[in-house]
Amino acid sequence: MSKVELKVVDFNAKPYGRYPEDGDGCGQYYREKVLAPALKENEKVHVILDGYNRYGRSFLDEAFGGLIRESGFTSDEIKSKLSYSHTLVPSILKVIDERIQAAISDTES
């Protein structure tokens, strides 16, 4: 079984924003260049969010919720393949959970 760990701060030290006009550290770029390819190539992907504590909702929504809305992953794929952690700010995980659930709801309606 192939498993990979991704550190968001390896992508950008200060990830911010939703779209490319927000900068190179935006959620769309993270999803398209890092997260979605890793999910396509591996059975398990664990995202480590440590190293940065100010993730915005827009970054998290585009990076994680966008997997369902834009990159074509199903909720079952996300649930079985993707995990994430942040040791200092666990509320970030709740926001990711909410954004994924909102994307699932958006695609079901």
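Student: Does Arg 31 count as buried or exposed, and at what relative accessibility?
Tutor: The model is predicted, and Arg 31 lies in helix 2, residues 27-41. Buried means under 20% relative accessible area. Arg 31 falls under that cut-off and therefore counts as buried, its relative accessibility being 3%.

Student: Which residues is Arg 31 in contact with, leaving aside its neighbours within four places in sequence?
Tutor: Contact means heavy atoms within 4.5 Å. With the neighbours within four places in sequence left aside, the partners of Arg 31 are Ala 36, Pro 37, Glu 62, Ala 63, Gly 66, Leu 67, Glu 70 and Ser 71.

Student: What pattern does the chain follow along the sequence?
Tutor: Five helices and three strands make up the secondary structure of the chain. Read along the sequence, these elements give β-α-α-β-α-α-β-α.

Student: What is the radius of gyration of the chain, and why is the chain as compact as a globular protein of that length?
Tutor: The C-alpha atoms fill a box of roughly 35 × 30 × 25 Å along the principal axes. For 109 residues the globule rule gives 13 Å, and the chain is close to this value, so it is as compact as a globular protein of that length; its radius of gyration is 13 Å.

Student: Of the contacts between residues at least 6 apart in sequence, what percentage join residues at least 24 apart?
Tutor: As for burial, 42% of the 109 residues count as buried. Among the contacts between residues at least 6 apart, the share that joins residues at least 24 apart is 71%.

Student: Which residues does Val 47 contact, leaving aside neighbours within four places in sequence?
Tutor: Leaving aside neighbours within four places in sequence, Val 47 is in contact with Leu 6, Val 8, Tyr 30, Leu 35, Phe 64, Leu 82, Ser 83, Tyr 84 and Ser 85.

Student: Is Met 1 buried or exposed?
Tutor: Met 1 is found in the segment before strand 1 (3-7). Not counting residues up to four places away in sequence, Met 1 touches Glu 43 and Lys 44. Exposed means over 50% relative accessible area. At 75%, Met 1 therefore counts as exposed.

Student: How far apart in space are Lys 3 and Leu 39, C-alpha to C-alpha?
Tutor: Lys 3 lies in strand 1 and is exposed, with a relative accessible area of 57%. Not counting residues up to four places away in sequence, Lys 3 touches Asn 42, Lys 44 and His 46. Lys 3 and Leu 39 are 36 residues apart in sequence, and their C-alpha separation is 9.5 Å.

Student: Where is Lys 14 found?
Tutor: Lys 14 is exposed, with a relative accessible area of 61%. Its C-alpha atom is 8.4 Å from that of Tyr 55, which is 41 residues away in sequence. Lys 14 is found in the loop between helix 1 (8-11) and helix 2.

Student: How far apart lie the centres of the positive and negative side chains?
Tutor: The chain has 15 positive and 18 negative side chains. The distance between the centres of the two sets is 4 Å.

Note on methods:
Residues are numbered from 1 along each chain as its sequence is written. This is a predicted model: local features need pLDDT of at least 70, side-chain atom pairs count only at pLDDT 80 or more; totals for chains, interfaces and linings use all residues. Side-chain values use heavy atoms; hydrogens and water are left out. Helices (H or I, at least four residues) and strands (E, at least two) are DSSP runs, numbered from the N terminus. The radius of gyration is taken over C-alpha atoms; the globule rule is 2.2 Å times the number of residues to the power 0.38. Buried means under 20% relative accessible area, exposed over 50%, partly exposed in between (1.4 Å probe, protein chains only). Lys and Arg count as positive and Asp and Glu as negative; His and the chain ends are not counted. The place of a charge is taken as NZ of Lys, CZ of Arg, CG of Asp or CD of Glu.
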